[in-house]
Amino acid sequence: MRRVPEGERQPMEMSFRWFGADDPIPLAYVRQIPGVRGVVSALYDVPVGAAWPVDGLTRLAERIDAAGLHFSVVESIPVHEDIKLGRPTRDRLADQYCDSVRAMGSLGIPVLCYNFMPIFDWTRTDLAMPLADGSTALAYDDAALGRIDLSRGTGDLPGWAAAYDAPTLQALLAAYRDVNEERLWEHLAWFLQRVVPVAESVGVKMAIHPDDPPWSIFGLPRIITNAPALDRFVRLVDSPANGITFCTGSLGADPANDLPAMVRRFGAMGRIHFAHCRNVKHTGPRRFHESPHPTALGDVDMAGVLEALHETGFAGPMRPDHGRMIWGERGRPGYGLYDRALGAMYLQGLWEGLSRSADQSKKSETN
């Protein structure tokens, strides 16, 4: 994989999530989205907890390079449940996680996005909610979540790196009865103390993804939810390699979160390493659906978030996050081509306007 010298990179790199050879959207299409140069991907055939093979990661990077794109983010290397539970096997699993981080570093892949959500990754109760304009979107309703039957395993929920049959899921839920929020914080601190020094030594920036949605589900603790939680998080290991994926959709699902203020705080600390940009529309307490990216079409102040990122010197990858399914497209819910491509263009338009305004201000100051 070609290492991209720092001087060749733009202050912000527009990127796009791609799920590998099985993704219905080929890299050739991603390459045609104006301004998109980074790819966010992962090895999806490695069992959770196993060390990622350098040769597999190299083949993925070479495929991305061959398409004229840059492998900018691994999203993600899943954290095994035994680490989150604090089980004795966590030492071996953390060592293998470090091996995966070293493999990233050997190829010059600069950012690792991961999460620490117990059992369930991002969660929605409707993967194709019809909107008034004829499109469909991902949606969440806390009341509907309470009606989901977990006795059948995770089959009724979105697909993630790990899916569990009924007996395995019930055993995990039982194990987490002894893990409250404070215990989960302790286990996260242990994980970071083991992995962050390795990441820093090989030039990889770790960027934790907020919990999505940012509150407890199915009685499980969720701890990366708001500004105080992020403040506590970055202090667990005081290293520039220990940072955040600032996800506007996850944090924006809670109306109490002031996203521009959060960006200014953690951006000024140099701890925002990756930006996920999507919009959500609140339709009730702990109830929302995802919406088009522009500020006016949802409840996330996307313009304000990007203004804060620009002001604090954000110099990492950004990607349009979940999009609607529009224009008759069928595919992976939230990860169609068309609406995410529109989102990429909207985000770049905002960024260009902010950059021009900043340049004009500098010129005025020197005249």
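# Notebook: a barrel and its helices

I began at asparagine 242, which is found in strand β8. Strands here are DSSP runs of E, at least two residues long, while helices are runs of H or I of at least four, and both are numbered from the N terminus. This is a predicted model, where local features need pLDDT of at least 70, side-chain atom pairs count only at pLDDT 80 or more, and totals for chains, interfaces and linings use all residues. I kept in mind that residues are numbered from 1 along each chain as its sequence is written, and that side-chain values use heavy atoms, with hydrogens and water left out.

**Asparagine 242.** Is asparagine 242 buried or exposed? I found a relative accessible area of 0%, so asparagine 242 is buried. Buried means under 20% relative accessible area, exposed over 50%, and partly exposed in between (1.4 Å probe, protein chains only). Next I listed what asparagine 242 touches, leaving out residues up to four places away in sequence; among them are Tyr114, Met206, Arg271 and His273. Contact means heavy atoms within 4.5 Å.

**Confidence.** I checked the pLDDT, the predictor's confidence in each residue, from 0 to 100. The chain averages 93, and 95% of the residues score at least 70. Over residues 1–9 the pLDDT is below 50, though this stretch has 17 contacts in the model beyond near neighbours in sequence. Where pLDDT is low, the predicted coordinates should not be read in detail.

**The barrel.** In which order do the 8 strands close into a barrel? I read β1-β2-β3-β4-β7-β8-β9-β12, with parallel pairing. From one strand to the next, the twist averages 30 degrees. Angles run from 0 to 180 degrees between N-to-C directions, and axes are lines fitted to C-alpha atoms, for helices over the stretch in contact. Two strands pair if DSSP finds at least two bridges between them.

I then followed some pairs. Strand β1 (residues 13–17) joins β2 in the parallel sense over 3 bridges. There, serine 15 stands opposite glycine 38 in β2. Helix α12 (residues 338–366) packs on the sheet and touches β1, β9 and β12 (317–320). The direction of α12 makes about 135 degrees with that of β12.

**Strand β3.** Strand β3 (residues 70–75) is mostly covered, with 6 of its 6 residues buried. It pairs with β2 (residues 38–41) in the parallel sense over 4 bridges. On the other pairing, 3 bridges join β3 to β4 (residues 111–114), again parallel. I noted valine 73 in both: its partner is valine 40 in the one and valine 111 in the other.

**Helices.** In α6 (residues 166–175), I marked Ala166, Leu169, Leu172 and Leu173 as buried. Why do they line one face of the helix? Seen down the axis of α6, the buried residues fall within an arc of 130 degrees, so they line one face. The arc is that of the directions from the helix axis to the C-beta atoms. Those buried residues pack against α3 (81–85).

Serine 100 has its place in α4 (residues 90–106). At 0% relative accessibility, serine 100 counts as buried. Leaving aside neighbours within four places in sequence, I found serine 100 in contact with Ala50, Ala51, Trp52 and Ile77.

I ended with glycine 353, which lies in α12. At 39% relative accessibility, glycine 353 counts as partly exposed. Glycine 353 and glutamate 307 are 46 residues apart in sequence and 9.7 Å apart in space, C-alpha to C-alpha.
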